[in-house]
Amino acid sequence: MKDWFVRNRIVVGVTAMVVVIALGVVYVVVTVRDQQVAATQPGAAVASGLTFVDNGSGQNLVSTLDASGKRTPGELKCLRVYTSAGTTVCLRMSLPGAYEAAVYVGGSEVRTVPLPGTPSRARVSASGKIVSWTVFVTGDSYLAPGGFSTRTGILDLRTGELVESLEAFSMTIEGVPDKRVNENYWGVTVASDDNSFYATLGSGNTTWLIKGDLKTRAMVTVRQSAECPSLSPDQTRVAYKKRGGRLGTWQLYVLDLASGKETQLPGSDGVDDQAAWLNPTTLAYAKVQQGGAPTIYESAADGTGQPRELVAAASSPGPAA
Amino acid sequence: MYVASTRQTKASPSDGGARPSRVPTTVVLLGTVSLLTDISSEMVTAFLPIYVIFNLQMSYLQLGLLDGIYTGATAVLRLVGGHISDRVHRHKAVAIAGYGMSAATKLLFPAIGASSVGLGGVLAIDRAGKGLRTAPRDALISLVTPKEKLGESFGVHRTMDTIGALLGPLATFALLTWVTTRPNPIFMISFCFAALGVIVLIFFVRQPRLERVPGKVVTLRATADLLRNKGMRRTTIAAGLLGLATISDAFVFVVLQKVSGVSPTWLALMPVGTALTFLLAATPLGRLADRLGRWRVFFAGHVVLLAVYLLLLGPFTGIVLVVITVGLHGLFYAATDGVLMAHGATLVPEHLRASGLSIVQTGQALARFASSIAVGLLLQNLAFSTAVLISISTMVIALVGVFLLIRPEVSR
């Protein structure tokens, strides 16, 4: 046996390589053929409509669901997308390891901004004038501890002014002006005045819900342990994720800004998303099912009832354009 | 034709240096194994952020931290890999186990899904495989290469290795853009490259025959005694000291982008620039190290790194700064990565080669790991410029310390 191996090792080696390549090619071809079907599978009926990224078809097509549950795949391919008042922000890969935020107004591309890392969150203000995003900065391919951070950018389409990072704004933590430079901000939501905004500050092991002002470039903390805020269309409530579930997982909460009352959304345990308001009473978010792909759910903002599944193998939910 | 060829054969023995130097076939084959394996692992590394954030909807921050910790922890496995290889006289078999482990993890990703514990485990197995295989592979390279060409052989190997590291992310990008964003095909293709690497190793690489010298048994004791050798001990300490003063690439690139004021898109191109310079310069610098002295070139490489840190202070800005800094950063790798192993190989006897190399590697890897944690902690409380100044001072202290420590015993 050993002699046979020594004599024939070249032939056996080459054969083994050919087999591996053939199996790989067959597997990929079969999988890719299968994904074409997924792009037009219907979802649940969404009264006010839903825009989302379709992960099932393998192309990340920005698709929509209408009031009858009919799914329409679009042309745009994005990792994260959000649309409001005719403005769409699309975060996508531009080069190997490089990403960009493309801004579309009325269907045509008006601006692209190179991003310093992997996209995480994308938002457009209700008026369609202020665009914001958060990315993970990982620097290089070797993930060194301490070598990562988040960076949040805000683009004002009225003036064209770009804030590359919220770190440039002044920060007051619980009344004390803050001087540290290496702080992480993520998950912006801009109010209907197109000036004030909420976001998350992470510093050390603590996170804060913060409120900021675009004109004065100043931010203050509001309360602890609230991430990825999303301001309701009527500006009275903020939805956010907060660690509190079993094993320290995130759950969604809605905070009434006037009364300070916090309501937990049932069935949201394990979520990691910036929730989106589909209308004044309904929130949508993506959550990964056990061992599967992310699925988009909607949930009543007053915390009554269990979440309803809207569409599987999909992420980045937002209201229809 | 005839005349020309006879002239050539006549000329070559007389002036020695003009003979085209031929790197041993085993080195090229091991380079091919590394190239294929690096395509595979860098494909996954490039895909992982997207996979974790978009396919699994998980937070990337914990995972990055986890991976860093495993990289540090499994560095110790190099010692195990090195010792076993020497003990059983089968470097190739241990290397197969290491490469095989990493290849298998590519098939585990789809099964694991969105479990941070599971993902951490898979990454740990991948890193463990890397830890296990490094020492026996480098020992194989050193065992099949004549002493005066060690620098060149390691240079060729590192060049091929880095080509793979460059191709991996390109493959991922092409797949994501034109074929599919579904994760399973990407993991499958990555697995295929890794499997091809393992096949090349199993079927084409030959374990060099080592004569078992009676009386020279490989025991833990004998391995530990390697550090009694002055040259070996000082090399390990010096590589560790310099490792402590080496900050992570991620930090270098992030600071460089800020200081130079270029667009963040350059953040993605900087590692490519470093890798390109590394792969172009690794072989020539390895050859230079064979001629000038390997330790000297290794030391000079860290002086170049000091220059990189000085440039991070931003004496000038713009793309020029980026290009020069990234070029020097690549030269640093070319002058140190393979050269240290070439130098280490001259210090240990053949029957303890893998163990000896693993000691030097582990010392350096642990030191770099400690430094990246320290930098991470520093950055929680300090400005970038302060952190850069601290890095510069640390590097100057390490260079002076090492210069005094090493000279003159190990100058070659």
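Two strands count as paired if DSSP finds at least two bridges between them. On that basis, this predicted model has an open sheet of 4 strands in chain A, with antiparallel pairing and the order 3-2-1-26. Strand 3 (71-77) and strand 26 (314-319) of chain A sit at the edges, each pairing on one side only. From one strand to the next, the twist averages 30 degrees. Looking at one pairing in detail, strand 2 (residues 61-65) of chain A runs antiparallel to strand 3 of chain A, and 4 bridges join the two. Leu65(A) is found opposite Arg71(A), which belongs to strand 3 of chain A.

Now for the interface. Chain B puts 64 residues in contact with 70 residues of chain A. Together the two chains bury about 5,800 Å², and carbon and sulfur atoms give 67% of that area. On the chain B side, Phe54(B), Gln57(B) and Arg182(B) supply 13% of the area buried against chain A, more than any other three residues.

As for polar links, the count comes to 6 residue pairs in polar contact between chain B and chain A, both partners at pLDDT 80 or more. The side of chain B that touches chain A divides into 39 nonpolar, 19 polar and 6 charged residues. Helix 8 of chain B gives the most, with 12 residues.

Lys258(B) pairs with Glu167(A) in a salt bridge, and their closest N and O atoms are 4.0 Å apart.

Note on methods. Residues numbered from 1 in each chain as written. Chains lettered and ligands numbered in written order. Predicted model: local features only at pLDDT ≥ 70, side-chain atom pairs only at ≥ 80, totals over all residues. Heavy atoms only, no water. Contact = heavy atoms within 4.5 Å. Buried area = accessible area lost by both parts, 1.4 Å probe. Salt bridge = Lys/Arg side-chain N within 4 Å of Asp/Glu carboxyl O. Polar contact = N/O pair within 3.5 Å; in protein donor to acceptor, adjacent residues only side chain to side chain. Nonpolar A, V, L, I, M, F, W, Y, C, P; charged D, E, K, R; others polar. Axes fitted to C-alpha atoms, helices over the stretch in contact; angles between N-to-C directions.
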